[in-house]
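Here is a friendly note to read alongside the model. Take the points in order and keep the structure open as you go.

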Amino acid sequence: MTSLDILENFEENCCVMRYTTAGQLWNIISPREFVDFSYTVGYKEGLLSCGISLDWDEKRPEFVRGYNHPCGWFCVPLKDNPNQSLLTGYIQTDLRGMIPQSAVDTAMASTLTNFYGDLRKALL
């Protein structure tokens with residue numbers, strides 16, 4: 001992820017956000033942007049966040065607009081060690097555009113690995 005902007009706030013836990021990703025595989029996969037509705041609430045002493053992409057009129061020509069089907073993230077403390085949490089994500093992303101499936105598979109795997117690695121570094 002290269003940027004994250006809140007485009008519209010509805011309530012304390014509810015917003016529309018736009019985030020972008022860099023090009024992948026030497027720009028075989030162009031940079032993408034996603035515009036998602038997001039709702040986050042407390043859940044069992046942790047957090048539950050769910051979202052879905054929206055049709056948003058403002059499009060930037062340097063990005064291909066991707067689409068996230070309904071998705072969710074759960075972050076709950078571990079029972080054995082409440083100082084640590086378990087993060088579970090359910091995502092189904094459509095990168096859109098003309099991309100060979102093998103390139104999508106490779107890019108998604110490395111992107112998710114980098115995401116979790118960057119998240120871990122940020123939290124330590």
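Predicted model: local features only at pLDDT ≥ 70, side-chain atom pairs only at ≥ 80, totals over all residues.

1. The protein chain has 1 helix and 9 strands, where helices (H or I, at least four residues) and strands (E, at least two) are DSSP runs numbered from the N terminus.

2. Residues are numbered from 1 along each chain as its sequence is written, and side-chain values use heavy atoms, leaving out hydrogens and water.

3. For the overall dimensions, the C-alpha trace spans about 45 × 35 × 20 Å along its principal axes. Of the contacts (heavy atoms within 4.5 Å) with a separation of 6 or more, 41% are between residues 24 or more positions apart.

4. How much of the chain is buried? Of its 124 residues, 25% are, buried being under 20% relative accessible area, exposed over 50% and partly exposed in between (1.4 Å probe, protein chains only).

5. The accessible surface of the protein chain is about 8600 Å², and carbon and sulfur atoms hold 56% of that surface. These areas come from the Shrake-Rupley method with a 1.4 Å probe; for residues, only the protein chains shown count as cover.

6. Now look at the start of the chain. Met1 sits in the segment before β1 (3–11), and Met1 counts as exposed because its relative accessibility is 58%.
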